[in-house]
Amino acid sequence: MTQTKRRRRKDMRPTDIIDAAVQEFGIKGYSATTIGSIAARAQIARSTVYLYFDDKEALIQEAFRVRVGNVMADARPSGDAADQSFSEMLSHMLNTMYARLVDRDTIVLLRVLIAEGRQFPELTRFYHDTILTVAQDMMSKMLARGVARGEVRPEALDYDPKLIMAPVIMAAIWRLTFDDIAPLDMQHLVKHHVDLLTSGLFVRDPV
């Protein structure tokens, strides 16, 4: 193996280890997963994992940061948002959240929170602060902007943003629980979520 290939392989190792860890968490759960099983799945020595992560808890924290940490940054309206309608901004935000948070690998981390979150309150806090709180704040600001532009009914400012975001969490839980029985049509679900919200939030005759 050339030096360039060895360097590229070394640079990829943290990502490879995280990918292997998420797969192991999905199969065995967090508590039953070991550093040894993660190393075996990544096809590296157990000692190599410790070159990048102090322990399993540090590894799952990094998995959350990599897989979940940037979701809301990506969901924010783009730099030319001044020219976007409320419907366009809402569609971008929800499409991003569905694509990233209901992804089959990412929901493994949600499963860890649901099943074992009490053991790792810092991970629960991370998910709450980086996803739920940020999403609610973003939604509140989008609603306020929509009202100011005459696109959204003023009473929408009194709505709890959790009600608007709830179908995303429902989709993740559905995929975790019922996907083998009744798989979700994600494209259909996202479109109708956006349609339902816009039809319910819009003023009858936007100015």
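**Helices H9 and H10 in a predicted model**

Colleague: At roughly what angle do the axes of H9 and H10 cross?

Modeller: This is a predicted model, where local features need pLDDT of at least 70, side-chain atom pairs count only at pLDDT 80 or more, and totals for chains, interfaces and linings use all residues. Residues are numbered from 1 along each chain as its sequence is written, and side-chain values use heavy atoms, without hydrogens and water. Helices are DSSP runs of H or I with at least four residues, numbered from the N terminus, and axes are lines fitted to C-alpha atoms over the stretch in contact, with angles from 0 to 180 degrees between N-to-C directions. The axes of H9 (residues 161-177) and H10 (residues 186-201) come within 10 Å and cross at roughly 160°.

Colleague: Are H9 and H10 roughly parallel or roughly antiparallel?

Modeller: Angles under 35 degrees count as roughly parallel and those over 145 as roughly antiparallel. The crossing is at roughly 160°. H9 and H10 are therefore roughly antiparallel.

Colleague: Which residues of H10 make the contact with H9?

Modeller: Contact means heavy atoms within 4.5 Å. H9 contributes Ile164, Pro167, Val168, Ala171 and Arg175. From H10 come Met186, Leu189, His193 and Leu197.

Colleague: What percentage of the residues of the protein chain count as buried?

Modeller: The protein chain has ten helices and zero strands. Buried means under 20% relative accessible area, with a 1.4 Å probe and protein chains only. Of the 207 residues, the buried share is 41%.

Colleague: What share of the contacts with a separation of 6 or more comes from residues 24 or more positions apart?

Modeller: The count covers contacts in the protein chain with a separation of 6 or more. Residues 24 or more positions apart account for 73%.

Definitions and conventions. Helices (H or I, at least four residues) and strands (E, at least two) are DSSP runs, numbered from the N terminus. Angles under 35 degrees count as roughly parallel, over 145 as roughly antiparallel, 65 to 115 as roughly perpendicular and the rest as oblique. Buried means under 20% relative accessible area, exposed over 50%, partly exposed in between (1.4 Å probe, protein chains only).
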